[in-house]
Amino acid sequence: MDLSAFTKQARQVMRLAVKFAEQKEQRMLGTEYILLGMLRERSGVAGQILRQLGTEADTVWQMVDGIALPAEGDVLEKPEPSPETREVLQDAGALAGQYG
């Protein structure tokens, strides 16, 4: 997953997202973990906007906890991005490249 086009804050969001997916012993890195990463990364614009709108990381974590099923079989060393996450990251990378 090449994140070189992303800002320092966006790369931190992805590190946090991977950490959250690992805590849930997930094979796949879903967009819900990126949302959690955005909320926990304090200096990023996306997280600031989400928090201003009243979105709380603890509430999202509880929701994820309610839907996340433990991975079957061996858990990978690092979760792989889900197809949806790959698409989101590709679109975000294209936009990031436009803005330099």
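Which side chain meets Arg 40 in a salt bridge? Asp 58 does, at 3.1 Å from N to O; a salt bridge here is a side-chain nitrogen of Lys or Arg within 4 Å of a carboxyl oxygen of Asp or Glu.

## Ground rules

This is a predicted model, where local features need pLDDT of at least 70, side-chain atom pairs count only at pLDDT 80 or more, and totals for chains, interfaces and linings use all residues. Residues are numbered from 1 along each chain as its sequence is written, and side-chain values use heavy atoms, with hydrogens and water left out.

## Salt bridges

A search of the whole structure turns up three salt bridges. Back to the opening pair: Asp 58 and Arg 40 meet in one of them. That pair links distant parts of the chain, with Asp 58 in helix α4 and Arg 40 in helix α2, 18 residues apart. Helices (H or I, at least four residues) and strands (E, at least two) are DSSP runs, numbered from the N terminus.

Lys 24 pairs with Asp 65, and their closest N and O atoms are 2.3 Å apart. Lys 24 sits in the loop between α1 (8–23) and β1 while Asp 65 is in helix α4 (residues 57–67), so this pair ties together parts 41 residues apart in sequence. Lys 24 counts as buried at 16% relative accessibility, whereas Asp 65 is partly exposed at 44%. (Buried means under 20% relative accessible area, exposed over 50%, partly exposed in between, using a 1.4 Å probe and protein chains only.) Glu 80 and Arg 86 also form a salt bridge, at 3.5 Å between the closest N and O atoms.

## A buried glutamate

Glu 41, in the loop between α2 (31–40) and α3, is buried yet has no salt bridge. Arg 51 is its nearest side chain of opposite charge, 6.6 Å away (Lys and Arg count as positive, Asp and Glu as negative; His and the chain ends are not counted). Setting aside neighbours within four places in sequence, Glu 41 is in contact (heavy atoms within 4.5 Å) with Gln 9, Gln 12, Val 13, Leu 16 and Arg 51.

## Around Met 28

Met 28 belongs to strand β1 (residues 28–29) and is partly exposed, with a relative accessible area of 38%. Not counting residues up to four places away in sequence, Met 28 touches several residues, including Ala 21, Tyr 33 and Glu 80. The C-alpha atoms of Met 28 and Thr 85 are separated by 9.1 Å, though the two residues are 57 apart along the chain.
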